[in-house]
Amino acid sequence: MSAMYKDDQDNWMTVCLKYLLFVFNFLFWVGGAAVMGVGIWTLIDKSDYLSLLASSTFAVSAYILILAGALVMVTGFLGCCAVIREQRSCLSTYFCCLLLIFLIELVAGVLAYVYYQRLSEELKQHLNETMTENYAQPGKEAITLAVDRLQQDFKCCGSNNSFDWLHSVYMTSAVSEGRVVPDSCCKTITTLCGCRDHPSNIYKTEGGCITKLEQFLADHLLIIGAVGIGVACLQLAGAMLTACFIYLLYKEEEEDFSAV
């Protein structure tokens with residue numbers, strides 16, 4: 001009687017775990033789509049700004065999330081197939097995939113957090129130099145477009161303020177045609193509008209671009225880190241459920257073998 005009760009209990013736990021894993025894989029698939037979406041959004045939304053950063057850590061974190069998100073969606077589908085078939089080999093492969101993706105997303109989250117800590121210092125050291133030395137220079141078209149878009153999107157002028165442009169390579173050359181700031185500093189852009197730096201004409205009192213870009217990137221990094229670590233924790237829970245399911249299947253196989 002006790003043996004029958006134990007068998008029924010084991011079967012009940014196996015069925016419960018099976019359905020739990022189905023639910024988990026659905027959440028896992030949705031989480032994968034969210035992770036990939038955040039990665040793509042990070043690269044597409046104002047992606048021009050990436051050329052203004054000294055390091056590629058920000059972009060690398062986003063690419064890692066896109067890779068992890070794609071793997072999560074594929075693994076979620078494979079996980080459902082493995083649970084339906086109830087084969088230990090398939091479930092073991094699924095378990096290993098979960099751990100691998102867990103590590104990938106953890107790396108993305110940690111990278112985002114580390115870069116978040118040094119973001120302010122990097123921008124202070126490199127942004128002004130990048131803007132004043134590379135703006136409107138041959139072969140630096142991507143940086144020129146990025147600076148123009150930065151100043152228009154965030155309604156700012158210069159790294160710290162509009163006076164940063166006075167000693168820039170562009171403003172001290174004949175190409176500037178008498179401008180004191182780029183035309184993208186103007187509230188209403190017209191040809192040669194940068195020749196007049198009055199606050200009514202340019203973004204002179206709104207603050208420099210460095211603080212606004214720092215806040216924008218910091219917000220993105222926090223989202224990358226939170227999503228990466230959050231989904232990684234979900235995967236760890238799924239790996240534990242899978243391990244329990246594999247163990248129960250192993251016990252059932254042992255009992256069936258001993259009964260024969």
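**View A. C186 is buried, at 0% relative accessibility.** (Buried means under 20% relative accessible area, exposed means over 50%, and partly exposed is anything in between, using a 1.4 Å probe and protein chains only.) What you're looking at is a predicted model, so local features need pLDDT of at least 70 and side-chain atom pairs count only at pLDDT 80 or more, while totals for chains, interfaces and linings use all residues. Residues are numbered from 1 along each chain as its sequence is written, and side-chain values use heavy atoms, with hydrogens and water left out. C186 and C193 form a disulfide, with 2.2 Å between their sulfur atoms; the term covers a pair of cysteine sulfur atoms within 2.5 Å. The torsion about the S-S bond of C186 and C193 is about 110°, so this disulfide is right-handed.

**View B. C156 and C209 are joined by a disulfide.** The two sulfur atoms sit 2.0 Å apart. The torsion about the S-S bond of C156 and C209 is about 100°, which means another right-handed disulfide. The link brings together distant parts of the chain, with C156 in the loop between α4 and α5, C209 in helix α5, and 53 residues separating them. (Helices here are DSSP runs of H or I with at least four residues, strands are E runs with at least two, and numbering goes from the N terminus.) How accessible is C156, buried or exposed? C156 is buried, at 0% relative accessible area, and C209 is buried with 0% as well.

**View C. C157 and C185 make up another disulfide, with their sulfur atoms 2.1 Å apart.** Here the angle about the S-S bond is 85°, and the link is right-handed. Both cysteines come from the loop between α4 and α5, yet the pair still links distant parts of the chain, 28 residues apart. C157 and C185 are both buried.

**View D. Stepping back to the cysteines, there are three disulfides by the distance rule.** Number the bonded cysteines of the protein chain in sequence order, and the pairing reads 1-6, 2-3, 4-5. C96 is in no disulfide: the nearest cysteine sulfur belongs to C97 and lies 7.1 Å away. C96 counts as exposed, at 52% relative accessibility. C195 isn't in a disulfide either, and its nearest cysteine sulfur, that of C193, is 8.2 Å away. At 34% relative accessibility, C195 counts as partly exposed.

**View E. K187 and E206 meet through their side chains in a salt bridge, 3.7 Å from N to O.** K187 and E206 both lie in the loop between α4 and α5 (209-259), so the pair ties together parts that are 19 residues apart in sequence. (A salt bridge is a side-chain nitrogen of Lys or Arg within 4 Å of a carboxyl oxygen of Asp or Glu.) Both partners are partly exposed: K187 has a relative accessible area of 35%, and E206 has 30% relative accessibility. Elsewhere, salt bridges with shared partners join E177, R179 and D183 into one network.

**View F. R179 and D183 form a salt bridge, with their closest N and O atoms 2.9 Å apart.** R179 and D183 are both buried. In total, the structure holds five salt bridges.

View G. D153 is partly exposed, with a relative accessible area of 35%, and R149 is partly exposed with 31%.

**View H. V23, F26, L27, W29 and V30 make a nonpolar surface patch of about 490 Å².** (Patches are built from residues with over 30% relative accessible area and no salt bridge; like charges are joined within 9 Å, and nonpolar side chains (Val, Leu, Ile, Met, Phe, Trp, Tyr) within 5 Å. Accessible areas come from the Shrake-Rupley method with a 1.4 Å probe, and for residues only the protein chains shown count as cover.) Where does V30 sit? V30 is in helix α1, residues 2-44. With a relative accessible area of 39%, V30 is partly exposed.

Note on methods: Areas by Shrake-Rupley, 256 points an atom, 1.4 Å probe, with all protein chains shown as cover.
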